[in-house]
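Open the structure in your viewer and keep the selection tool at hand.

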Amino acid sequence: MEIREVLALRLKSLRRARGMSQEELAHRAGIDRTYISSLERCLYNASIDVVDRLASALGVEAADLLKRPPGGKSGTA
C-alpha cells in the first residue's frame with residue numbers, strides 16, 4: 001500500500017470516528033474542503049505541513065496519519 005493510500009484511509013477513518021464532516025475538518029485545519037476530499041480519494045499528495053495541520057485538527061500526532069495497517073506492505077523497493 002502506498003503512503004498516499006495510507007494517509008487517505010487513516011484520514012477518512014479518523015475523521016469519521018470523530019463525527020466530523022469534511023467541511024468541519026477543513027475549517028479546523030484551515031484547508032479547503034475539496035482538498036480534503038481529494039486527499040481521501042488519493043488524488044493529491046499532501047505536504048508535511050498539511051499532514052501536521054490535519055493531525056492537529058483531528059487531535060492526533062502527524063505520524064498517526066501515516067501508520068500503515070497491521071500486515072500492510074511497506075511500499076519499499
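Helices here are DSSP runs of H or I with at least four residues, numbered from the N terminus. This is a predicted model.

**Stop one: the end of α4**

Select G59. This glycine sits just after α4 and takes a positive phi of about 75°.

Now step back into the helix itself, residues 48–58. Which residues of α4 are buried? Colour V50, V51, L54, A55, A57 and L58: these are the ones. Look down the axis of α4. The buried residues fall within an arc of 160°, so they line one face of the helix. An α-helix has 3.6 residues a turn, so residues three or four places apart point the same way.

What covers the buried residues of α4? Show α1 (3–17), α2 and α3; the cover includes these helices.

**Stop two: α2 against α4**

The axes of α2 and α4 come within 8 Å and cross at roughly 110°. The two helices are therefore roughly perpendicular to each other. Their crossing is right-handed.

Show side chains at the contact. From α2, pick L25, R28 and A29; from α4, pick R53, L54, A57 and L58. By class, this contact of α2 with α4 has five nonpolar residues, two charged and no polar.

Zoom in on A29, which belongs to helix α2. Is A29 buried or exposed? A29 counts as buried because its relative accessibility is 7%, and the cut-off is under 20%. Beyond its neighbours within four places in sequence, A29 is in contact with R53, L54 and A57.

A29 and R41 are twelve residues apart in sequence, and their C-alpha atoms are 18 Å apart in space.

**Stop three: α2 against α3**

Which residues make the contact? On α2, select Q22, E23, L25 and A26; on α3, select R33, I36, S37 and E40. Sorted by class, the contact of α2 with α3 has three nonpolar, two polar and three charged residues.

Centre on Q22, found in helix α2. At 18% relative accessibility, Q22 counts as buried. Leave aside neighbours within four places in sequence. Q22 is then in contact with R15, R33, I36, S37 and E40.

**Stop four: A8 in α1**

Finish in helix α1, where A8 is found. A8 counts as buried, at 4% relative accessibility. What does A8 touch, not counting residues up to four places away in sequence? Display L39, E40 and C42: A8 touches these residues.

A8 and S38 are 30 residues apart along the chain, and their C-alpha atoms are separated by 8.8 Å.

Key. Residues are numbered from 1 along each chain as its sequence is written. This is a predicted model: local features need pLDDT of at least 70, side-chain atom pairs count only at pLDDT 80 or more; totals for chains, interfaces and linings use all residues. Side-chain values use heavy atoms; hydrogens and water are left out. Contact means heavy atoms within 4.5 Å. Ala, Val, Leu, Ile, Met, Phe, Trp, Tyr, Cys and Pro count as nonpolar, Asp, Glu, Lys and Arg as charged, and the others, Gly among them, as polar. Buried means under 20% relative accessible area, exposed over 50%, partly exposed in between (1.4 Å probe, protein chains only). The arc is that of the directions from the helix axis to the C-beta atoms. Axes are lines fitted to C-alpha atoms, for helices over the stretch in contact, and angles run from 0 to 180 degrees between N-to-C directions. Angles under 35 degrees count as roughly parallel, over 145 as roughly antiparallel, 65 to 115 as roughly perpendicular and the rest as oblique. A crossing is left-handed if the near helix is turned anticlockwise from the far one by less than a right angle, and right-handed if clockwise.
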